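Dear colleague,

Please find below the structure that I am handing over to you, followed by an account of what was found in it. I would be grateful if you would read the two together.

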Amino acid sequence: MSNKGALALLVHAGTENWSPARWKARFDDVCRDRRVVLPDTGLDPAEVHYAAVWKPKPGELAAFPNLRVIFNLGAGVDALMADASLPEVPLVRVAVDDLTERMTAYVVLHVLMHHRQELYLRQSQREKRWAPKYQWPAGAITVGIMGLGTLGAHAASMLRQFGFRLTGWSRRPKQIEGVKCFHGDQLGAFLQATNILVCLLPLTPDTRHILNRELFLQLNRNSPLGAPVLINAGRGGLQNEAHILQCLDDDTLGAASLDVYQTEPLPADSPFWSHPKVVVTPHNAADTDADEISKYVVRQIERFEAGGELENLVDCKLGY
Ligand code: NDP
Ligand code: OXD
């Protein structure tokens, strides 16, 4: 082992994909000339030059006085932005094809699920009822994507191939082929054109609780779907959960697919679990793959040490 600065691996999500031992094995494999250390394993904090993290504990990163770069092992950095003691070193997030394609698969799956009336068909099956409904074309539905970044733009390009009409909303103006793009204060016009709302925004001070009743009331109801549909795979903090339930119950919303929640894991007593209009997934729309991402981090460290640029840096002032 060389005397290169160590890589600290701080992974605390507690689910199968985030097993620290599994991530360490992958990093050990691709990082043979550098110590990869888990917390509480007798490491001298001064030896750590890099940290690869998922939901590190607040203050955990501040313990490394010689830290050079933080690599967030996912796309969203909201957990890090909430740490008031976050060291002022470059912060890199994940933006790679593997993760993007997984998210697009989730978005396409859930848009099609609502477009093809899967909730109704599954209920019919449980009731042994042979009662097909009219099958409308994809072009009769407008899918609106909030967040036209790495994930939103790719999901839009794939949905386009199914024939859906597409709108999108971002902070800055965008031009994406086949997508009617809105930005900033054009949110109202975006919503008025949207039947299925897909949220792929980051959680920042500007976007917290953006998915609320006032917003849902502006969605377009003039499609064969009738009541609009919400799909949120961004972050739970983007949504007002009481408003979602109220809007599902009074038909402001026709259905919702939710991958993320205010509290994760979703508590056993959450009404979402058994709501007939809700499809619950356990924050696994797009897992970050330890094989892919360990290589991505090591490639970036090597380039950085050779004097090159880091990719996919977070703008900590904007929070994403
Ligand atoms: P990007 O940073 O590439 O894109 C973010 C998009 O949101 C950009 O288009 C940005 O606008 C837009 N945006 C940010 N703030 C605002 C605002 N105030 N008003 C309007 N638009 C805004 O992020 P990714 O696409 O890579 O990821 C998006 C999010 O998806 C992550 O932050 C994470 O929370 C979530 N995610 C969830 C996963 C899951 O499994 N559920 C997996 C991976 C990610 P602009 O282009 O103008 O900057
Ligand atoms: C991410 C996530 O942000 O998995 O990558 O939620």
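Phe71 stands opposite Val92 in E5. Here strands (DSSP runs of E, at least two residues) and helices (DSSP runs of H or I, at least four residues) are numbered from the N terminus. Please note that this is a predicted model, in which local features need pLDDT of at least 70 and side-chain atom pairs count only at pLDDT 80 or more, while totals for chains, interfaces and linings use all residues. Residues are numbered from 1 along each chain as its sequence is written, chains are lettered from A and ligands numbered from 1 in the order in which they are written, and side-chain values use heavy atoms, with hydrogens and water left out.

Strand E4 (residues 69-72) is joined to E5 by 2 bridges, and the two run parallel. They belong to an open sheet of 5 strands with parallel pairing, in the order E2-E1-E3-E4-E5; two strands are taken to pair if DSSP finds at least two bridges between them. At the edges are strand E2 (36-37) and strand E5 (91-92), each of which pairs on one side only.

Two helices lie across this sheet. Helix H1 (residues 20-30) lies across strand E1 (6-11), E2 and strand E3 (48-54), and runs at about 155 degrees to E1. Helix H9 (residues 290-305) lies across E1, E3, E4 and E5, at about 160 degrees to E4. Such angles run from 0 to 180 degrees between N-to-C directions, with axes fitted as lines to C-alpha atoms, for helices over the stretch in contact; contact means heavy atoms within 4.5 Å.

**The sheet of seven strands**

A further open sheet has 7 strands in the order E8-E7-E6-E9-E10-E11-E12, again with parallel pairing. Strand E8 (180-183) and strand E12 (278-280) stand at its edges with a single partner strand each, so one side of each has no neighbour in the sheet. From one strand to the next the twist averages 15 degrees.

Strand E7 (residues 165-170) runs parallel to E8 and is joined to that strand by 4 bridges. Within this pair, Ser170 stands opposite His183 in E8. Helix H5 (residues 150-161) packs on the sheet and touches strand E6 (142-146) and E7; the direction of H5 makes about 170 degrees with that of E6.

**Ligand 1**

Both H5 and E7 return here, as each supplies at least two residues of the shell around ligand 1. In total, 28 residues surround this ligand, the closest being Arg93, Arg172, Lys174, Asp259 and Tyr320; a residue is counted if one of its heavy atoms lies within 4 Å. The shell divides into 13 nonpolar, 8 polar and 7 charged residues. In this division Ala, Val, Leu, Ile, Met, Phe, Trp, Tyr, Cys and Pro count as nonpolar, Asp, Glu, Lys and Arg as charged, and the others, Gly among them, as polar.

Several polar contacts (pairs of N or O atoms within 3.5 Å) may be listed:

- A polar side-chain atom of Arg93 lies 2.8 Å from an oxygen atom of ligand 1.
- A polar backbone atom of Arg171 is 3.0 Å from a nitrogen atom of ligand 1.
- An N or O atom in the side chain of Asp259 is 2.8 Å from a nitrogen atom of ligand 1.

On its own, ligand 1 has 940 Å² of accessible area, of which the protein covers 94%; accessible areas come from the Shrake-Rupley method with a 1.4 Å probe.

**Ligand 2**

Around ligand 2 are Trp54, Gly74, Ala75, Gly76, Arg235, His283 and Ala286, which divide into 3 nonpolar, 3 polar and 1 charged. An oxygen atom of ligand 2 lies 2.7 Å from a backbone N or O atom of Ala75.

**Two backbone features in loops**

Glu264 and Pro265 are joined by a cis peptide bond, with omega about -5 degrees. Pro265 lies in the loop between strand E11 (255-258) and E12. Lys128, although not a glycine, has a positive phi of about 55 degrees, and lies in the loop between helix H4 (118-126) and E6.

Yours sincerely

Definitions and conventions:
Polar contact = N/O pair within 3.5 Å; in protein donor to acceptor, adjacent residues only side chain to side chain.
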